[in-house]
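Trainee: I would like to learn how to read a model of this kind, feature by feature. Could you take me through one?

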Amino acid sequence: MKSSVLLGGGLILRAAAGRADTATPAAAPANSTLNTLQSLRTIHGNFADQPLPDSALEAILRTSLRAANASNSQSYSIIVVKDRQLMRDVCGYAGSCLLLYCADYSRMKVCAQSLGYTYEPGTIVDFVTATINAALVAQTAVIAAKSLGIDSLLTNGIHRGDIERHWKLLELPPEHCFPIIALVLGYPTQEPAFQRGRLDGTGVIHTGKYRPLSKVEADEITRRYDDKSLHIGSEDWDANGYAHYLDWYLKDWVHADRKITAETPMLRRLKRSGFVEFPAG
Ligand SMILES: Cc1cc2nc3c(=O)[nH]c(=O)nc-3n(C[C@H](O)[C@H](O)[C@H](O)COP(=O)(O)O)c2cc1C
(Lines give C-alpha, C1' and ligand atoms only; values in the text may rest on other atoms or scores of the structure.)
Protein backbone atom coordinates (compact mmCIF):
# COMPACT_ATOMS: atom_id res chain seq x y z
CA MET A 1 0.00 0.00 0.00
CA LYS A 2 1.22 3.53 -0.72
CA SER A 3 0.64 6.79 1.07
CA SER A 4 0.71 9.94 -1.04
CA VAL A 5 2.00 13.42 -0.33
CA LEU A 6 1.77 16.49 -2.51
CA LEU A 7 5.30 17.64 -3.12
CA GLY A 8 7.46 19.05 -5.91
CA GLY A 9 5.61 19.28 -9.21
CA GLY A 10 2.74 16.99 -8.30
CA LEU A 11 1.70 13.88 -6.52
CA ILE A 12 4.66 11.85 -5.29
CA LEU A 13 4.07 8.33 -4.15
CA ARG A 14 5.86 7.26 -1.04
CA ALA A 15 6.24 3.73 0.18
CA ALA A 16 4.47 3.07 3.47
CA ALA A 17 6.94 3.32 6.33
CA GLY A 18 9.31 0.41 6.61
CA ARG A 19 8.34 -1.28 3.32
CA ALA A 20 10.32 -1.55 0.12
CA ASP A 21 8.30 -0.60 -2.96
CA THR A 22 9.72 -1.69 -6.27
CA ALA A 23 7.11 0.37 -8.18
CA THR A 24 8.61 3.62 -6.82
CA PRO A 25 11.95 4.27 -8.56
CA ALA A 26 13.34 6.76 -6.06
CA ALA A 27 11.50 6.67 -2.77
CA ALA A 28 11.27 10.09 -1.11
CA PRO A 29 13.47 10.19 1.99
CA ALA A 30 11.57 9.88 5.24
CA ASN A 31 12.56 10.38 8.85
CA SER A 32 11.06 11.84 12.00
CA THR A 33 12.35 15.38 11.26
CA LEU A 34 10.82 15.36 7.76
CA ASN A 35 7.61 13.93 9.20
CA THR A 36 7.44 16.75 11.75
CA LEU A 37 7.98 19.31 8.97
CA GLN A 38 5.36 17.65 6.77
CA SER A 39 2.85 17.79 9.63
CA LEU A 40 3.17 21.55 10.16
CA ARG A 41 -0.02 23.55 9.95
CA THR A 42 -1.23 26.71 11.57
CA ILE A 43 -3.89 26.88 14.24
CA HIS A 44 -5.85 29.99 13.42
CA GLY A 45 -6.60 31.25 16.88
CA ASN A 46 -8.66 28.57 18.58
CA PHE A 47 -6.21 27.54 21.29
CA ALA A 48 -7.24 25.90 24.58
CA ASP A 49 -6.75 27.77 27.84
CA GLN A 50 -4.05 25.34 28.96
CA PRO A 51 -0.53 26.17 30.16
CA LEU A 52 2.61 24.87 28.47
CA PRO A 53 4.89 22.81 30.70
CA ASP A 54 7.82 25.05 31.70
CA SER A 55 10.23 22.36 30.51
CA ALA A 56 8.67 22.40 27.03
CA LEU A 57 8.81 26.18 26.77
CA GLU A 58 12.41 26.15 27.92
CA ALA A 59 13.30 23.46 25.35
CA ILE A 60 11.54 25.38 22.54
CA LEU A 61 13.28 28.63 23.41
CA ARG A 62 16.74 27.16 23.89
CA THR A 63 16.62 24.85 20.87
CA SER A 64 15.32 27.57 18.58
CA LEU A 65 18.40 29.65 19.39
CA ARG A 66 20.34 27.11 17.31
CA ALA A 67 18.95 28.81 14.18
CA ALA A 68 21.64 30.35 12.01
CA ASN A 69 22.07 34.09 12.39
CA ALA A 70 24.32 36.66 10.76
CA SER A 71 27.77 36.91 12.41
CA ASN A 72 26.27 35.02 15.36
CA SER A 73 25.17 38.44 16.55
CA GLN A 74 21.65 37.24 17.47
CA SER A 75 20.26 40.65 16.60
CA TYR A 76 16.86 39.77 18.06
CA SER A 77 15.06 39.68 21.37
CA ILE A 78 12.26 37.31 22.30
CA ILE A 79 9.59 38.49 24.71
CA VAL A 80 7.68 35.70 26.46
CA VAL A 81 4.09 36.63 27.34
CA LYS A 82 1.92 34.29 29.42
CA ASP A 83 -0.98 36.61 30.25
CA ARG A 84 -3.79 35.84 27.80
CA GLN A 85 -5.22 39.36 27.78
CA LEU A 86 -1.77 40.79 27.11
CA MET A 87 -1.33 38.27 24.28
CA ARG A 88 -4.59 39.51 22.71
CA ASP A 89 -3.58 43.13 23.16
CA VAL A 90 -0.24 42.48 21.51
CA CYS A 91 -1.25 40.32 18.53
CA GLY A 92 -5.02 39.76 18.56
CA TYR A 93 -4.76 36.07 19.51
CA ALA A 94 -4.23 34.10 22.73
CA GLY A 95 -2.84 30.65 23.42
CA SER A 96 -0.75 29.02 26.12
CA CYS A 97 2.12 31.40 25.50
CA LEU A 98 3.15 34.15 23.12
CA LEU A 99 6.68 34.70 21.90
CA LEU A 100 7.26 38.10 20.35
CA TYR A 101 10.29 38.25 18.10
CA CYS A 102 11.88 41.66 17.72
CA ALA A 103 14.73 42.79 15.53
CA ASP A 104 16.92 44.23 18.24
CA TYR A 105 20.34 45.84 18.40
CA SER A 106 19.91 47.49 21.79
CA ARG A 107 21.70 44.72 23.68
CA MET A 108 24.73 45.14 21.39
CA LYS A 109 24.46 48.91 21.71
CA VAL A 110 24.64 48.74 25.49
CA CYS A 111 27.68 46.45 25.28
CA ALA A 112 29.28 48.80 22.74
CA GLN A 113 28.67 51.81 24.97
CA SER A 114 30.12 50.08 27.98
CA LEU A 115 33.31 49.53 25.95
CA GLY A 116 33.35 53.16 24.84
CA TYR A 117 32.08 52.70 21.27
CA THR A 118 29.36 54.62 19.52
CA TYR A 119 27.32 52.03 17.60
CA GLU A 120 24.47 53.11 15.34
CA PRO A 121 23.04 50.02 13.66
CA GLY A 122 20.61 52.06 11.61
CA THR A 123 20.93 50.92 8.00
CA ILE A 124 18.37 49.05 5.93
CA VAL A 125 20.91 46.22 5.77
CA ASP A 126 20.93 46.08 9.59
CA PHE A 127 17.13 45.95 9.63
CA VAL A 128 16.85 43.26 6.96
CA THR A 129 19.57 41.20 8.65
CA ALA A 130 17.89 41.38 12.06
CA THR A 131 14.52 40.56 10.46
CA ILE A 132 15.98 37.44 8.86
CA ASN A 133 17.59 36.41 12.15
CA ALA A 134 14.30 36.91 14.02
CA ALA A 135 12.23 35.03 11.42
CA LEU A 136 14.59 32.06 11.40
CA VAL A 137 14.60 31.70 15.17
CA ALA A 138 10.79 31.99 15.18
CA GLN A 139 10.31 29.27 12.56
CA THR A 140 12.81 27.06 14.38
CA ALA A 141 10.66 27.47 17.50
CA VAL A 142 7.61 26.41 15.47
CA ILE A 143 9.38 23.19 14.49
CA ALA A 144 10.72 22.54 17.98
CA ALA A 145 7.21 23.04 19.40
CA LYS A 146 5.62 20.70 16.85
CA SER A 147 8.17 18.00 17.68
CA LEU A 148 6.87 18.19 21.26
CA GLY A 149 3.20 18.04 20.17
CA ILE A 150 2.64 21.78 20.64
CA ASP A 151 0.89 23.71 17.88
CA SER A 152 1.38 27.27 16.81
CA LEU A 153 0.29 30.39 14.98
CA LEU A 154 2.75 32.84 13.50
CA THR A 155 1.03 36.19 13.18
CA ASN A 156 1.76 39.68 12.01
CA GLY A 157 -1.27 40.85 13.99
CA ILE A 158 1.34 42.89 15.86
CA HIS A 159 1.48 45.19 12.83
CA ARG A 160 -2.29 45.76 12.78
CA GLY A 161 -3.82 48.56 14.81
CA ASP A 162 -1.76 51.06 16.76
CA ILE A 163 1.83 49.87 16.37
CA GLU A 164 2.93 52.22 19.17
CA ARG A 165 1.16 50.00 21.72
CA HIS A 166 4.11 47.60 21.88
CA TRP A 167 6.41 50.29 23.23
CA LYS A 168 3.84 51.00 25.96
CA LEU A 169 2.64 47.46 26.76
CA LEU A 170 6.04 45.76 26.63
CA GLU A 171 8.34 48.72 27.26
CA LEU A 172 10.38 48.04 24.13
CA PRO A 173 13.54 50.12 23.82
CA PRO A 174 12.75 53.34 21.92
CA GLU A 175 15.53 52.77 19.39
CA HIS A 176 16.94 49.84 17.42
CA CYS A 177 14.20 47.43 18.45
CA PHE A 178 11.22 46.59 16.25
CA PRO A 179 8.64 43.76 16.56
CA ILE A 180 8.85 41.43 13.56
CA ILE A 181 6.58 38.46 14.21
CA ALA A 182 4.56 36.92 17.04
CA LEU A 183 4.34 33.20 17.70
CA VAL A 184 1.38 31.88 19.66
CA LEU A 185 1.98 28.41 21.08
CA GLY A 186 -0.62 26.06 22.46
CA TYR A 187 -3.06 23.23 22.00
CA PRO A 188 -5.93 23.51 19.52
CA THR A 189 -9.51 23.26 20.76
CA GLN A 190 -10.34 21.77 17.38
CA GLU A 191 -8.23 20.07 14.72
CA PRO A 192 -8.12 21.95 11.40
CA ALA A 193 -10.34 20.27 8.81
CA PHE A 194 -7.45 20.03 6.34
CA GLN A 195 -3.79 20.90 5.85
CA ARG A 196 -3.24 23.86 3.52
CA GLY A 197 -1.51 23.03 0.24
CA ARG A 198 1.30 24.97 -1.34
CA LEU A 199 2.20 26.15 -4.80
CA ASP A 200 5.35 24.38 -5.85
CA GLY A 201 7.42 23.78 -8.95
CA THR A 202 6.95 26.32 -11.77
CA GLY A 203 7.09 29.92 -10.63
CA VAL A 204 8.23 28.98 -7.12
CA ILE A 205 11.36 26.92 -7.68
CA HIS A 206 13.66 28.17 -10.45
CA THR A 207 16.46 25.89 -11.52
CA GLY A 208 19.71 27.53 -12.57
CA LYS A 209 18.23 30.98 -13.17
CA TYR A 210 15.03 32.90 -12.66
CA ARG A 211 12.38 32.19 -15.28
CA PRO A 212 9.33 34.51 -15.44
CA LEU A 213 5.92 32.89 -15.82
CA SER A 214 4.33 32.56 -19.24
CA LYS A 215 0.64 33.46 -19.59
CA VAL A 216 -0.23 29.74 -19.73
CA GLU A 217 1.74 29.09 -16.53
CA ALA A 218 0.13 32.09 -14.79
CA ASP A 219 -3.30 30.75 -15.75
CA GLU A 220 -2.35 27.35 -14.37
CA ILE A 221 -1.39 28.96 -11.07
CA THR A 222 -4.72 30.80 -11.00
CA ARG A 223 -6.38 27.42 -11.61
CA ARG A 224 -4.46 25.83 -8.75
CA TYR A 225 -5.62 28.57 -6.37
CA ASP A 226 -9.18 27.91 -7.55
CA ASP A 227 -8.89 24.15 -7.01
CA LYS A 228 -10.42 23.74 -3.59
CA SER A 229 -9.10 20.22 -3.19
CA LEU A 230 -5.56 21.70 -3.00
CA HIS A 231 -6.54 24.07 -0.15
CA ILE A 232 -4.05 26.74 -1.24
CA GLY A 233 -6.44 29.69 -1.29
CA SER A 234 -9.10 30.39 1.33
CA GLU A 235 -12.39 28.72 0.73
CA ASP A 236 -15.24 31.16 0.23
CA TRP A 237 -14.16 33.41 -2.66
CA ASP A 238 -16.79 32.09 -5.10
CA ALA A 239 -19.58 32.58 -2.57
CA ASN A 240 -18.64 36.26 -2.70
CA GLY A 241 -19.26 36.35 -6.45
CA TYR A 242 -15.67 36.19 -7.71
CA ALA A 243 -14.63 34.19 -10.78
CA HIS A 244 -11.28 33.24 -9.26
CA TYR A 245 -9.70 33.06 -5.81
CA LEU A 246 -7.09 35.58 -7.00
CA ASP A 247 -9.88 38.08 -7.89
CA TRP A 248 -10.91 37.97 -4.24
CA TYR A 249 -7.30 38.04 -3.00
CA LEU A 250 -6.24 40.99 -5.14
CA LYS A 251 -9.41 43.06 -4.76
CA ASP A 252 -10.67 42.31 -1.24
CA TRP A 253 -7.62 41.09 0.65
CA VAL A 254 -4.55 42.99 -0.51
CA HIS A 255 -6.42 45.85 -2.23
CA ALA A 256 -4.06 45.71 -5.19
CA ASP A 257 -5.22 49.08 -6.53
CA ARG A 258 -4.46 50.87 -3.23
CA LYS A 259 -2.17 53.90 -3.45
CA ILE A 260 0.01 54.97 -0.52
CA THR A 261 -0.55 58.69 -0.20
CA ALA A 262 0.98 59.44 3.21
CA GLU A 263 3.66 58.12 5.53
CA THR A 264 2.40 54.95 7.21
CA PRO A 265 2.56 54.46 11.01
CA MET A 266 4.98 51.58 10.40
CA LEU A 267 7.39 53.72 8.39
CA ARG A 268 7.11 56.48 11.00
CA ARG A 269 7.99 53.99 13.76
CA LEU A 270 10.83 52.47 11.73
CA LYS A 271 12.28 55.95 11.38
CA ARG A 272 11.84 56.64 15.10
CA SER A 273 13.49 53.32 15.88
CA GLY A 274 16.47 54.39 13.81
CA PHE A 275 16.06 51.73 11.12
CA VAL A 276 15.62 54.00 8.11
CA GLU A 277 18.94 55.30 6.97
CA PHE A 278 19.49 58.95 6.21
CA PRO A 279 22.72 59.57 4.29
CA ALA A 280 25.01 62.02 6.10
CA GLY A 281 25.70 65.41 4.52
C1 LIG B 1 4.08 36.58 8.48
C2 LIG B 1 2.88 35.71 8.79
C3 LIG B 1 1.73 36.31 9.25
C4 LIG B 1 0.61 35.53 9.54
N5 LIG B 1 -0.47 36.11 10.13
C6 LIG B 1 -1.54 35.35 10.45
C7 LIG B 1 -2.64 35.95 11.13
O8 LIG B 1 -2.63 37.12 11.49
N9 LIG B 1 -3.70 35.16 11.41
C10 LIG B 1 -3.74 33.84 11.07
O11 LIG B 1 -4.74 33.18 11.36
N12 LIG B 1 -2.70 33.23 10.44
C13 LIG B 1 -1.60 33.97 10.13
N14 LIG B 1 -0.50 33.40 9.53
C15 LIG B 1 -0.54 31.97 9.20
C16 LIG B 1 -0.81 31.79 7.70
O17 LIG B 1 -2.13 32.18 7.40
C18 LIG B 1 -0.57 30.33 7.34
O19 LIG B 1 0.78 30.00 7.58
C20 LIG B 1 -0.90 30.06 5.87
O21 LIG B 1 -2.26 30.27 5.60
C22 LIG B 1 -0.55 28.63 5.50
O23 LIG B 1 -1.25 27.75 6.34
P24 LIG B 1 -0.50 26.62 7.18
O25 LIG B 1 0.57 27.29 8.00
O26 LIG B 1 -1.58 26.00 8.03
O27 LIG B 1 0.07 25.66 6.20
C28 LIG B 1 0.64 34.14 9.28
C29 LIG B 1 1.82 33.54 8.83
C30 LIG B 1 2.94 34.32 8.60
C31 LIG B 1 4.24 33.64 8.17
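This is a predicted model: local features need pLDDT of at least 70, side-chain atom pairs count only at pLDDT 80 or more; totals for chains, interfaces and linings use all residues.

Trainee: Into which domains is the protein chain divided?

Mentor: Domain bounds come from an automatic or database domain assignment, and here they give domain 1 (40–190) and domain 2 (214–273). The C-alpha centres of domain 1 and domain 2 lie 26 Å apart. Two residues are in contact if their C-beta atoms, placed from the backbone, lie within 7 Å; by that criterion 7 residues of domain 1 are in contact with 5 residues of domain 2.

Trainee: Which residues have the most contacts inside the largest nonpolar core?

Mentor: In soluble globular proteins, nonpolar side chains tend to be buried together. A residue is buried if 20 or more other C-beta atoms lie within 10 Å of its own, exposed if 12 or fewer, and partly exposed in between, with C-beta atoms placed from the backbone. A nonpolar core is a set of buried Ala, Val, Leu, Ile, Met, Phe, Trp, Tyr and Cys residues joined through C-beta atoms within 7 Å. The largest such core has 42 residues, and those with the most contacts inside it are Leu98, Tyr101, Cys102, Ala134, Leu183 and Val184. H2, S3, helix H3 (84–91), S4, H5 and S6 each supply at least two residues of this core, with H5 giving the most, 9 residues. For Leu98, leaving aside neighbours within four places in sequence, the contacts are Val81, Met87, Val90, Cys91, Ala182 and Val184.

Trainee: What covers the buried residues of H5?

Mentor: The expected span of a helix is 1.5 Å times one less than its number of residues. Helix H5 (residues 124–147), with 24 residues, reaches 35 Å from its first C-alpha to its last, close to the 34 Å expected. The buried residues of H5 include Phe127, Ala130, Ala134, Val137 and Val142, and also Asp126 and Asn133. Their cover includes helix H2 (54–64), strand S3 (76–81), strand S4 (97–104), S5 and strand S6 (177–186). H5 is followed by Gly149, whose phi is positive, near 80 degrees.

Trainee: Which residues surround the ligand?

Mentor: A residue is near a molecule if its C-beta atom, placed from the backbone, lies within 6 Å of it. The ligand is surrounded by Arg41, Thr42, His44, Gly45, Leu153, Leu154, Thr155, Asn156, Gly157, Ile181 and Arg196. Strand S5 (residues 151–155) contributes the largest share of this shell, 3 residues. Ala, Val, Leu, Ile, Met, Phe, Trp, Tyr, Cys and Pro count as nonpolar, Asp, Glu, Lys and Arg as charged, and the others, Gly among them, as polar; the shell then divides into 3 nonpolar, 6 polar and 2 charged residues.

Trainee: Is Ser71 buried or exposed, and what is the phi of Ser71?

Mentor: Most residues other than glycine have a negative phi, and most peptide bonds are trans. Ser71, although not a glycine, has a positive phi of about 60 degrees; Ser71 lies in the loop between H2 and S3, and counts as exposed because 8 C-beta neighbours lie inside 10 Å. His176 also has a positive phi of about 60 degrees and is not a glycine. His176 is found in the loop between helix H6 (165–169) and S6, and counts as buried because there are 25 C-beta neighbours inside 10 Å.

Trainee: Where is Leu270 placed, and which residues does Leu270 touch?

Mentor: Leu270 is in helix H9 (residues 265–272) and counts as partly exposed, because 17 C-beta neighbours lie inside 10 Å. Not counting residues up to four places away in sequence, Leu270 touches Phe178, Phe275 and Val276. Leu270 and His176 are 94 residues apart in sequence and 8.7 Å apart in space, C-alpha to C-alpha.

Technical notes
Residues are numbered from 1 along each chain as its sequence is written. Helices (H or I, at least four residues) and strands (E, at least two) are DSSP runs, numbered from the N terminus.
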